[in-house]
Amino acid sequence: MTHTARRIGRSLALVLPVVLVLSGTLAVTSVPWAGTSSQTQMLTASSENVSVRAKPRAPQDILRDKLLAELQEKDPGVALTHLQRTVEERPSLAKHCMSIARALGKAAVQHYGPVRAQTYSRPVCDTSYAAGVAHES
């Protein structure tokens with residue numbers, strides 16, 4: 001009797017996890033994911049309607065966005081100082097320094113007006129900030 005019970009127990013120990021996983025998988029695939037849709041959507045393995053993964057953003061774009069936000073929160077002087085320090089720390093960003101400084105100049109004119117924006121002008125990235133201010137004025 002114990003031999004038979006042990007054999008049944010071993011069989012259940014092997015089969016039961018497989019059955020649970022399969023039943024759980026089947027339960028998840030039949031859940032409507034869209035909420036208000038009139039049709040029930042099923043989770044299927046299809047290449048249709050696959051969302052495309054966003055491309056990673058370039059370091060210069062991340063820096064530009066960070067500095068533009070800093071310009072809005074604090075002032076252009078702080079953003080220009082951080083731009084200069086970042087370019088000194090990461091020389092690979094030096095080729096993007098002029099375009100970032102120009103974008104800061106344009107944003108400063110929109111936020112502070114041309115006269116006040118020009119007061120923050122510094123020789124960062126060959127005076128590109130001043131060029132951005134002049135272009136936007």
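How are α3 and α4 oriented relative to each other?

Analyst: This is a predicted model, in which local features need pLDDT of at least 70 and side-chain atom pairs count only at pLDDT 80 or more, while totals for chains, interfaces and linings use all residues. Residues are numbered from 1 along each chain as its sequence is written, and side-chain values use heavy atoms, with hydrogens and water left out.

As a setting for the pair, the protein has six helices and zero strands, where helices (H or I, at least four residues) and strands (E, at least two) are DSSP runs numbered from the N terminus. Read from the N terminus on, the elements run α-α-α-α-α-α.

Two packed helices are described by the angle between their axes and the distance between the axes. For α3 and α4, the axes come within 11 Å and cross at roughly 170°; these axes are lines fitted to C-alpha atoms, for helices over the stretch in contact, and the angles run from 0 to 180 degrees between N-to-C directions. The two helices α3 and α4 are therefore roughly antiparallel to each other, given that angles under 35 degrees count as roughly parallel, over 145 as roughly antiparallel, 65 to 115 as roughly perpendicular and the rest as oblique.

On the α3 side, the residues that meet α4 are Pro-76, Ala-79, Leu-80, Leu-83 and Val-87, and their partners in α4 are Cys-97, Ile-100, Ala-101, Leu-104, Ala-108 and Tyr-112, where contact means heavy atoms within 4.5 Å. The residues of this contact divide into eleven nonpolar, no polar and no charged; in this scheme Ala, Val, Leu, Ile, Met, Phe, Trp, Tyr, Cys and Pro count as nonpolar, Asp, Glu, Lys and Arg as charged, and the others, Gly among them, as polar.

Several residues of this contact also meet other parts of the chain. Leu-71, found in helix α2 (residues 59-73), touches Pro-76 and Ala-79 as well as Leu-104, Ala-108 and Tyr-112, among other residues, when those up to four places away in sequence are not counted. At 0% relative accessibility, Leu-71 counts as buried, a word that means under 20% relative accessible area, with exposed over 50% and partly exposed in between (1.4 Å probe, protein chains only). Leu-71 and Gly-105 are 34 residues apart in sequence, and their C-alpha atoms are 9.8 Å apart in space.

Cys-97 lies in helix α4 and Cys-125 in the loop between α5 and α6, so the pair ties together parts that are 28 residues apart in sequence. Both Cys-97 and Cys-125 are buried.

Leaving out residues up to four places away in sequence, Val-124 touches Leu-80, Leu-83 and Gln-84, together with Cys-97, Ala-101 and Tyr-129. Val-124 and Cys-97 are 27 residues apart in sequence and 8.3 Å apart in space, C-alpha to C-alpha.

Tyr-112 belongs to the one aromatic pair found in a search of the whole structure. The rings of Tyr-112 and Tyr-120 have their centres 5.9 Å apart and their planes at 50°, so the pair is tilted; rings of Phe, Tyr and Trp (its six-membered ring) pair if their centres lie within 6.5 Å, and planes under 30 degrees apart count as stacked, over 60 as edge-to-face and the rest as tilted. Both Tyr-112 and Tyr-120 are buried.

Finally, α3 and α4 also bear on α6. In α6 (residues 128-136), Ser-128, Tyr-129, Ala-130, Gly-132 and Val-133 are buried, and what covers them includes α3 (76-89), α4 (97-112) and α5 (114-118). Val-109, in helix α4, is buried with a relative accessible area of 11% and touches residues including Val-133 and Glu-136.
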